[in-house]
Amino acid sequence: MVTNKQDAAVIGGAVSGLAAAHRLNKIEKISDVTLFERQEYDEKRVECGEAINDTSLIPIEKTEENGFVNNVSGFQLQIYSGTNRNPDEKPYAVSNLNCDPGYICERDLVEKSWAESLEQDGVQIETGTPILTSEFESIVESYDYVIDATGQPSLSLKARDATHEYTGDMVALNATVEGNFKEYLDWPRIFFEGYIGYSWAFPKSENQANVGIGWAGSERPDDYMKAFETAAKRNGFPIPARGDTNIYTIPKGPSLDPSRVYFPEDNIFLVGDAAGIANRYQGEGICQAIRSSYLLCDLIKKGSESQYPKKLYNSMKSEYRLASLMRGVWVEHEDPELMATVAESLEGLTIDDITRSPRNVIKRVLRNPTVAAQLMTDKGMVKRFVNAYTDNWEYNSSSA
Ligand SMILES: Cc1cc2nc3c(=O)[nH]c(=O)nc-3n(C[C@H](O)[C@H](O)[C@H](O)COP(=O)(O)OP(=O)(O)OC[C@H]3O[C@@H](n4cnc5c(N)ncnc54)[C@H](O)[C@@H]3O)c2cc1C
């Protein structure tokens with residue numbers, strides 16, 4: 001009997017892989033979906049922050065048991081003069097950004113619960129051993145579709161000895177700490193302090209929080225851990241224990257040539273961090289990862305998956321541009337007071353607006369013509385604007 005049914009392997013079982021397995025499993029022409037995750041979900045240690053800004057993308061109930069531990073109202077930006085400030089100094093600006101569908105999560109629990117629900121829906125889940133580069137070829141030969149959701153650097157590029165193709169990255173440290181977080185349980189805090197990056201304190205409950213610090217620019221401290229500890233002191237969150245701290249690099253989207261997210265000869269598709277798409281300013285990547293998988297699966301369903309690289313790039317374009325411009329406010333001006341005025345003008349917008357909607361952000365900034373003029377009469381800012389709007393990124397140029 002001739003059958004048109006096809007099968008799919010998803011490698012990597014964090015958010016992008018789970019999202020891919022979920023959608024593939026709903027496509028009629030795909031008969032079997034197998035997800036390979038190198039860790040066990042019971043022991044899974046997620047080395048990243050745990051703010052999920054749009055939890056509506058995750059098709060499981062938003063309960064504490066499923067890892068959705070703090071339903072936040074939004075996030076509070078605090079802008080300070082710098083890192084050498086007097087401990088009593090008040091922030092230059094405080095701005096609240098709404099985030100109705102946002103949660104601070106126990107991400108390992110979210111991923112475990114999502115994997116369990118997929119298993120119940122018939123996805124085959126194999127955990128506990130990594131797929132080695134030497135095994136990759138046989139997987140590619142065995143499955144009609146291979147989704148590489150292994151994060152950055154991806155298994156596909158490792159197997160091709162091509163991890164150098166990733167360009168921009170950021171470095172971040174984070175840890176979960178105990179303390180008293182009652183005061184800002186609803187409004188997790190993000191601290192901008194004069195360097196390109198920020199530190200954060202995201203309460204999971206009244207007495208536990210995920211805290212961290214990240215650098216998006218080329219100037220990075222010699223001693224990351226010491227910088228994290230001093231940020232904790234300045235910003236009033238508990239100093240994390242060195243043994244509990246994770247250090248990690250995040251892609252700075254678009255950090256990979258968009259055409260390299262699909263290898264047509266083997267039918268391999270890269271999603272999430274593997275595709276190098278995390279937000280190039282603030283490092284957010286969970287919703288981006290899930291959306292990339294959903295986009296790919298919708299195209300597979302329609303039989304137009306060869307359009308994935310182009311469609312993914314187009315879907316991320318405004319976010320890449322906005323993030324590059326937001327970064328420019330720091331990089332080109334190095335003026336915390338200007339940053340504070342920009343942040344104040346964003347008050348009341350949503351996280352989604354300031355991540356993905358240049359129009360809403362520009363409209364807000366233009367309400368203060370002095371600030372708009374100050375921002376745009378700078379040569380560096382103009383260059384940044386031109387680069388962003390002509391799609392001139394690291395992978396095809398030397399622009400920052
Ligand atoms: C410190 C830090 C804080 C962050 N904070 C946030 C935040 O608060 N909000 C946000 O939205 N984003 C945040 N990010 C970014 C976010 O974590 C990533 O963008 C997101 O995790 C990408 O998901 P992914 O599924 O594509 O890849 P990953 O999360 O990297 O997952 C890859 C998965 O593949 C598995 N794997 C890898 N290799 C193999 C192999 N060979 N075989 C089998 N399995 C394999 C891994 O075990 C892992 O489960 C943060 C990142 C860091 C580093």
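1. For the counts below, Ala, Val, Leu, Ile, Met, Phe, Trp, Tyr, Cys and Pro count as nonpolar, Asp, Glu, Lys and Arg as charged, and the others, Gly among them, as polar. On that basis the shell around the ligand holds 18 nonpolar, 13 polar and five charged residues. The model is predicted: local features need pLDDT of at least 70 and side-chain atom pairs count only at pLDDT 80 or more, while totals for chains, interfaces and linings use all residues. Residues are numbered from 1 along each chain as its sequence is written.

2. The ligand is surrounded by 36 residues, and the closest are Gly 12, Gly 49, Gly 151, Gly 272 and Gly 285. A residue belongs here if its C-beta atom, placed from the backbone, lies within 6 Å of the molecule. Two or more residues of the shell come from each of helix H1 (15–24), strand S2 (30–37), strand S10 (169–178), strand S14 (246–251) and helix H6 (286–302). Helices (H or I, at least four residues) and strands (E, at least two) are DSSP runs, numbered from the N terminus.

3. How many residues of H1 are buried? Ten of its ten residues are, where buried means that 20 or more other C-beta atoms, placed from the backbone, lie within 10 Å of the residue's own. Among them are Ser 16, His 22 and Arg 23. The cover over H1 includes strand S1 (6–11), S2, helix H2 (107–120), strand S9 (145–148) and H6.

4. Leu 296 is found in helix H6. Leu 296 counts as buried because it has 28 C-beta neighbours inside 10 Å. Leaving aside neighbours within four places in sequence, Leu 296 is in contact with Ala 20, Phe 269, Val 271, Glu 305 and Tyr 308; contact means C-beta atoms, placed from the backbone, within 7 Å. Pro 87 is 209 residues from Leu 296 in sequence and 48 Å away in space, C-alpha to C-alpha.

5. The largest nonpolar core has 107 residues, of which Val 10, Ala 20, Ala 21, Ile 147, Phe 269 and Val 271 touch the most other members. Such a core is a set of buried Ala, Val, Leu, Ile, Met, Phe, Trp, Tyr and Cys residues joined through C-beta atoms within 7 Å. Helix H7 (residues 308–331) gives the most to this core, with ten residues. Both domain 1 (6–311) and domain 2 (317–397) supply at least three residues to this core. Not counting residues up to four places away in sequence, Val 10 touches Gly 17, Ala 20, Ala 21, Val 33, Leu 35, Ile 147 and Ala 149.

6. The division into domain 1 and domain 2 rests on bounds from an automatic or database domain assignment. Their C-alpha centres lie 24 Å apart. The contact takes 33 residues from domain 1 and 27 residues from domain 2. On the domain 1 side, strand S5 (74–79) and strand S6 (93–98) each supply at least two residues, and S6 gives the most, with five residues. That side divides into 14 nonpolar, 15 polar and four charged residues.

7. Finally, the whole chain. The protein chain contains twelve helices and 16 strands. Of its 400 residues, 46% count as buried. Among contacts with a separation of 6 or more, 73% join residues 24 or more positions apart. Along its principal axes the C-alpha trace spans about 75 × 45 × 35 Å.

Notes:
Buried ≥ 20, exposed ≤ 12 C-beta atoms within 10 Å, placed from the backbone. Contact = placed C-beta atoms within 7 Å.
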